[in-house]
Amino acid sequence: MYKRLSSVMFPIFAVLLIGALVWGYQENQEKNAILIKAENQYQRAFHDLSFHMDKLHSEIGNTLAVNSTSQGMHRKGLMNVWRLTSEAQNEINQLPLTMLPFNETEEFLSRISNFAYQASMRDLTNEPLSEKEVGNLKRLYQNSSEITKNLQEVQQKVLSDRLRWMDAETAMATEEETMDNTIVDGFRTVNKKVQEYPELDWGPSVSSIYAKRSVKKLDGVPVSKEQIQSKAAKFSNADSSKIQVQENGKGTDWESYTATINQGKESKLMMDFTRNGGMLISYSDTRPIGAKKVSRSDAMAKADQFLVNKGYKDMKAVNYDEYGNLANLTYVRKQGDTLIYPEKMSVRVGLDTGDVTGFQASDYVYEHQKQRQIPKAALTEAQARKKLNPDFEESYARKSLIENDYSKEVLCYEFGGRINGTKYRIYINANTGVEEAVEEIKPVNATS
C-alpha cells in the first residue's frame, strides 16, 4: 500500500517542486530585469543632468560674451538657458531624490528658468537687459560652474567605482544617520552650496511667482472665535449656539478658523474664515445631491442670486461646468465696464434643487484688497479687433484685466468666438495690440 502510494505521490511532488523552482527562477529573472531597467534609467538621467548643467554653464557664458547691444544673440542665449534648465529639472525628477534634501537646487534651477524665459520673451530692442540682469547672469555663470564641477566629480566616482543608484536609493531609505554613500553625499554637497548662495534680485515678475500668500498679510484686525461664530450664523442663517469653531494653524502664516454646523448624519455646513478680518474663504454643504432636475439657466440664476444675497456685488459668471448632478461656476468682479480676472471665485450648485452647495473665494479675498485704477486703453476696440485672425468668428467683446505670463496685470480686449470649429477667448493687450493669452473653451464651458 505504501509503495503504491509513494509511486503515485512522488512524481506529483517532484513535478510541483520543479514547477516551484521554475516559477521562482522566472520571478527572480523578472525582478532582476526590473531592477536593471530602473538602474539604467537612473544612470541615464544622472549623466544627462551632468551634461545639461555643463551646457547651461556654457550657454550663460555665451550670452555674456556678446555685445550688450546684441539683442538677437541675447534672446537666443536666454531661450537656450530656459531650455537647458527645463531639461535639467526633468532629469532631476527622474532620479530617486524624494528622500534627499535637494529642494534648494531644484528651486534655484526653477528661478533661472523663469528669469530666462521672461527676459527672452520681452521686446529686448525696446527693453534690453538691465545692468542688474547682466549682474545676475554673471553670478549665475559662477554658480553654475560650481554646480557642474561638483556633479562631474560625482560622475567620475560613479564611473570609476561602478556605483549603483539602487544602492543610493537604499541608503536614502535607511534610518541610519551615519550612512555613507558617494552619490547621496555628492548631491547633499551640491544642495548645501546652493543654499549658501546669496539671494539674487530676480525682479518683480519672477519674484511674484514665488511669493507666498499669507493670511497675516491680510488687512483687518484678528477676530475671536465668538466673532467667527456670529459671522458663520449670519452667512448660513443658522443658530449660533449650534456652531462649533476650531482655530487652525495657530502661530503660523496660515492662521484661520473653521466653523461647523451639523445638520444630521449625512450633512453638515463648513465655513473657513481668515483670522485677520474674519473674511470668508470657503463654504461647503455636504448634503447628498439627488438626480439632476435644474437647467443651466436656472442654476446660473440661483448662483447669481446667492452672491447678491451674501453681499458680493458686481460679480459676472465667466465659466460654467457640469459634473454629473453638480454645476460649478467661476465668477470675476466687474469694475465699470472691465472684468477683473484676478478677483475670481467659484460657486458650486446642486442640480437637484438649484441650491448653492459650495463656495471658494480665496483668490477674491486676497486680490480684492488692492485698490485698482483701471488704466485707459491706448487702442480702441476696433483697432484691437484688427489683430485677430481674419477667420475668427467673433461672438462678443469686452474689456478685461488679466495677469499675463510676466505676472503683471494688463488691460485687454477679450474677444470670444469660434475658429476651426472650436470656441476661444483671445485677450489682446489694449495698449500694445499683443496677444496676451488664448484660451480654448469647451462646449459646456462657454458663457458670454
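At what angle do helix α3 and helix α6 pack? They pack at about 60°, with their axes 7 Å apart. This is a predicted model, where local features need pLDDT of at least 70, side-chain atom pairs count only at pLDDT 80 or more, and totals for chains, interfaces and linings use all residues. Residues are numbered from 1 along each chain as its sequence is written, and side-chain values use heavy atoms, leaving out hydrogens and water.

**Helix packing**
- Helix α3 covers residues 103-121 and helix α6 covers residues 182-195. Helices here are DSSP runs (H or I, at least four residues), and strands are E runs of at least two, numbered from the N terminus.
- Axes are lines fitted to C-alpha atoms, for helices over the stretch in contact; angles run from 0 to 180 degrees between N-to-C directions.
- N103, E104, T105 and F108 in α3 meet V190, N191, V194 and Q195 in α6. Contact means heavy atoms within 4.5 Å.

**Salt bridges**
- The model has 21 salt bridges. Each is a side-chain nitrogen of Lys or Arg within 4 Å of a carboxyl oxygen of Asp or Glu.
- R398 pairs with E414, with the closest N and O atoms 2.9 Å apart. R398 sits in strand β9 and E414 in strand β10, 16 residues apart.
- R398 is buried at 13% relative accessible area, and E414 is buried at 0%. Buried means under 20%, exposed over 50%, and partly exposed in between (1.4 Å probe, protein chains only).
- R275 bridges to E247 at 3.7 Å. R275 is partly exposed at 23%, and E247 is partly exposed at 26%.
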